[in-house]
Amino acid sequence: KEEKEKNQVSGWEIFSQDTLFKAYEKRTKNIPFTQEEYEKEKVRDPGMMDANAVGLDSLRYADQPIPRLYVDRMVNDLQEQMEKRKKFKRRRQFYEDSDVSYINERNRTYNEKISREFDKYTIEIKQNLERGTAL
């Protein structure tokens, strides 16, 4: 538990280069890749692997079609990401068994603050009202 809390990022750290790179590493870890495929791609188009030969701003990558296998891998990865996003839900501190004494969210938080301060004084009155023995 402590390790999870230590590794969590918050605020503007989410967009730091280090955090974005860690997310990229995590996503690419699950993509199947072999050295044979890498060598095959180097033979197919030697200039693609050398950034200096092509130039980083070049659009040369669009000259050759992308193999269907690679497109399928990317689609599967994107679908997995979408499934993970659907499963993610923020945990909210809402208790269904608690009494409803509010009319909206703002009133609920106000009532919680009031009850934290004054419940020790009003608990007997509330019990009497519930029993029907209030004066």
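Buried means under 20% relative accessible area, exposed means over 50%, and partly exposed lies in between, with a 1.4 Å probe and protein chains only as cover. By that cut-off Arg108 is buried, since its relative accessible area is 18%. The structure is a predicted model, in which local features need pLDDT of at least 70, side-chain atom pairs count only at pLDDT 80 or more, and totals for chains, interfaces and linings use all residues. Residues are numbered from 1 along each chain as its sequence is written, and side-chain values use heavy atoms, with hydrogens and water left out.

**Overall make-up**

- The protein chain has 6 helices and 0 strands, where helices (H or I, at least four residues) and strands (E, at least two) are DSSP runs numbered from the N terminus.
- Along the sequence the pattern reads α-α-α-α-α-α.
- Of its 135 residues, 7% count as buried.
- Among contacts (heavy atoms within 4.5 Å) with a separation of 6 or more, 29% are between residues 24 or more positions apart.

**Salt bridges**

- The whole structure holds 6 salt bridges, each being a side-chain nitrogen of Lys or Arg within 4 Å of a carboxyl oxygen of Asp or Glu.
- In helix α2 (residues 17-29), Asp18 and Lys22 are 4 residues apart, about one turn of the helix.
- The side chains of Asp18 and Lys22 form a salt bridge at 3.8 Å, N to O.
- Asp18 is partly exposed at 46% relative accessible area, whereas Lys22 is exposed at 54%.
- Arg108 pairs with Glu105 in another salt bridge, with the closest N and O atoms 2.8 Å apart.
- Arg108 and Glu105 are 3 residues apart in helix α6, so about one helical turn separates them.
- Glu105, Arg108 and Glu112 belong to one network, joined by salt bridges that share partners.

**The α3 to α5 link**

- Arg73 and Glu37 form a salt bridge whose closest N and O atoms are 2.8 Å apart.
- Because Arg73 lies in helix α5 (residues 68-87) and Glu37 in helix α3 (residues 35-44), the pair ties together parts that are 36 residues apart in sequence.
- Both partners, Arg73 and Glu37, are buried; the relative accessible area of Glu37 is 16%.
- Apart from neighbours within four places in sequence, Glu37 is in contact with Pro32, Leu69, Tyr70 and Arg73.

**Helix α5**

- Helix α5 has 20 residues and reaches 29 Å from its first C-alpha to its last, close to the 28 Å expected at 1.5 Å a residue; the expected span is 1.5 Å times one less than the number of residues.
- Its buried residues are Arg73, Asp77 and Gln81.
- Seen down the axis of α5, these buried residues fall within an arc of 75°, so they line one face of the helix; the arc is that of the directions from the helix axis to the C-beta atoms.
- The cover over the buried residues of α5 includes α2 and α3.
- Arg68 and Lys86, on the other side of α5, are exposed.

**Nonpolar surface patch**

- Tyr110, Ile114, Phe118 and Tyr121 make up a nonpolar patch on the surface, with about 450 Å² of accessible area together.
- Patches are made of residues with over 30% relative accessible area and no salt bridge, with like charges joined within 9 Å and nonpolar side chains (Val, Leu, Ile, Met, Phe, Trp, Tyr) within 5 Å.
- Phe118, one of the patch residues, sits in helix α6 (residues 105-131).
- At 44% relative accessibility, Phe118 is partly exposed.

Conventions: Accessible areas come from the Shrake-Rupley method with a 1.4 Å probe; for residues, only the protein chains shown count as cover.
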